[in-house]
Amino acid sequence: MKGLYKSVVSWAASAALLVTGITSVTATAESKVMVGYPVYMQSGNNCWAYAVLSMNNFLTGINYQVEYVYGTYITVTGNTYVNNSGANLDECYGVINYLLSSYSPTKINDDMAFSLIKSKVNAALPSLIGGYYYGNPGSVTGHAVVLIGYSDWTNSDGSRDTSIYYMNPATGAIENYPYNTNATTQFFKSGSRIFNWSNAGSVYLN
Amino acid sequence: MKKILTMSIALLMSVSAFSCGKTNKSEIEPVANEPSSKEIVTTESVEQNTKEIVATEAAEQTTEEHLNIPFTGISSKEDVRELALNERKREVDYNTLIGKNGFYGIFSSFLSPQNPLGLREGTDERAYIVKPFKYAVVDETSFLTIRNAWYFPIASENGRYIGMMFADCTMPELDDIMCGGSEEFAPELNEALEKGSIAIFNDGGLNSMYGIYEDNTIITLSGDEDYKGSLTFDEVNQEVNLITPERINEKIEIDSSVYDRNCEVELIY
């Protein structure tokens, strides 16, 4: 219910921006976010499904329900989706490839280079990004969010602050986390935990 | 020196793997970025060393093997509590985080007129940072620990919390600590503080946050479940997690030039 509320608020905010005529194209802006991106909150262990659903609904403009994604999962994998079992990167890729085949999805077992992030956001193409949270020995929790924007701020000393914006089904919110262009490992946060993106992988559209 | 350091790390990794009963190959492989010599020198015991390495692994697993773990977004409360108990307890002065590692880039999202984070309270071009807090981790019957992470509340000039920046102090290197930004439970915090001071706590749920008043009533700040436990305010309150209504006036000084930067965000339709 809260997810629905947040979703409505998000869409309403987007609508408000449209009404007020904010198209916000400035010559110097180097930060971009997809406006009107659906914000969902997961209901169980189904972050992946809401992540995929948001991508599908954003690009098709149709408000499908999460069961539509489950149905596609069954079609793609040949297996019945067991509620709360989650889906791995390969399965997410399979479902995205089926639903959004015209976008020729690409799966990589890594994070995305910042230049790649920019090109996808500039083309209004959301990307599913995964993360691993390492808990107690032997315990790894996977999580999926959707990358919908980036920022490339310039400081007074000329240095750059780069970051990513993403829709996080776990919190039902858009979040912003630094992207370290000098590091080989990238992270994102969900709630009060940091997830390793580089180990989990990404699915982007073309 | 590097050889000695490498041998030390190998020894510590062995201790870690043995004491933790790990069998997963990916978990006992050395991490790509070795802990600094300073960290090893300042580590006081083998037990502490083990925790240091576990914390390093937890935050910075770099495996050659792609694990393909299912994306679920949920971790058990027991697991989260256990991790909080065993996480790196290194003290990080929040002042050292101000302005570091993309800090102002994230802060700028709260200033941007386009409201890229979709904040319900809106953005404010003169928003400011409030003295940060940490939160307590509890179970149904007892206080367990203080989570080693700072929440920096962001407030608007009209005295409302609009969002928060979050820094996990357990990251392997001090330079790895970065602040993420989002709305978090800022609107709910505004509402909660109308009734008085609260001590912030979490019961292990990845998205659960609660506040407890001095009269021991509890308010849910985020998450779908109400807290089911019997803790009192005195048990939960550890000072660092206490938020008073007046706290919003405790402004953190930052580089004022951040207010001069272009915070425009282009909206992609």
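**Exercise 1.** In this predicted model, determine how helix 2 of chain A and helix 3 of chain A are oriented to each other.

*Solution.* Step one is to locate the helices: helix 2 spans residues 47-60 of chain A and helix 3 spans residues 66-77 of chain A. Step two is to take the geometry: their axes come within 9 Å and cross at roughly 105 degrees. Step three is to classify the angle: 65 to 115 degrees counts as roughly perpendicular, and therefore helix 2 and helix 3 of chain A are roughly perpendicular to each other.

**Exercise 2.** State which residues of helix 2 of chain A meet helix 3 of chain A, and of what kind the contact residues are.

*Solution.* From helix 2 of chain A come Ala49(A), Tyr50(A), Val52(A) and Leu53(A); helix 3 of chain A supplies Val66(A), Val69(A) and Tyr70(A). Sorting the residues of this contact gives seven nonpolar, no polar and no charged.

**Exercise 3.** Repeat the analysis for helix 2 of chain A and helix 4 of chain A.

*Solution.* Helix 4 covers residues 89-99 of chain A, and its axis lies 11 Å from that of helix 2 of chain A, at an angle of about 20 degrees. Angles under 35 degrees count as roughly parallel, so helix 2 and helix 4 of chain A are roughly parallel to each other. The crossing is right-handed. On the helix 2 side, Trp48(A), Val52(A), Met55(A) and Asn56(A) make the contact, and on the helix 4 side Cys92(A), Val95(A), Ile96(A) and Leu99(A). These residues divide into seven nonpolar, one polar and no charged.

Technical notes: Residues are numbered from 1 along each chain as its sequence is written. Chains are lettered from A and ligands numbered from 1 in the order in which they are written. This is a predicted model: local features need pLDDT of at least 70, side-chain atom pairs count only at pLDDT 80 or more; totals for chains, interfaces and linings use all residues. Axes are lines fitted to C-alpha atoms, for helices over the stretch in contact, and angles run from 0 to 180 degrees between N-to-C directions. Helices (H or I, at least four residues) and strands (E, at least two) are DSSP runs, numbered from the N terminus. Angles under 35 degrees count as roughly parallel, over 145 as roughly antiparallel, 65 to 115 as roughly perpendicular and the rest as oblique. Two residues are in contact if their C-beta atoms, placed from the backbone, lie within 7 Å. Ala, Val, Leu, Ile, Met, Phe, Trp, Tyr, Cys and Pro count as nonpolar, Asp, Glu, Lys and Arg as charged, and the others, Gly among them, as polar. A crossing is left-handed if the near helix is turned anticlockwise from the far one by less than a right angle, and right-handed if clockwise.
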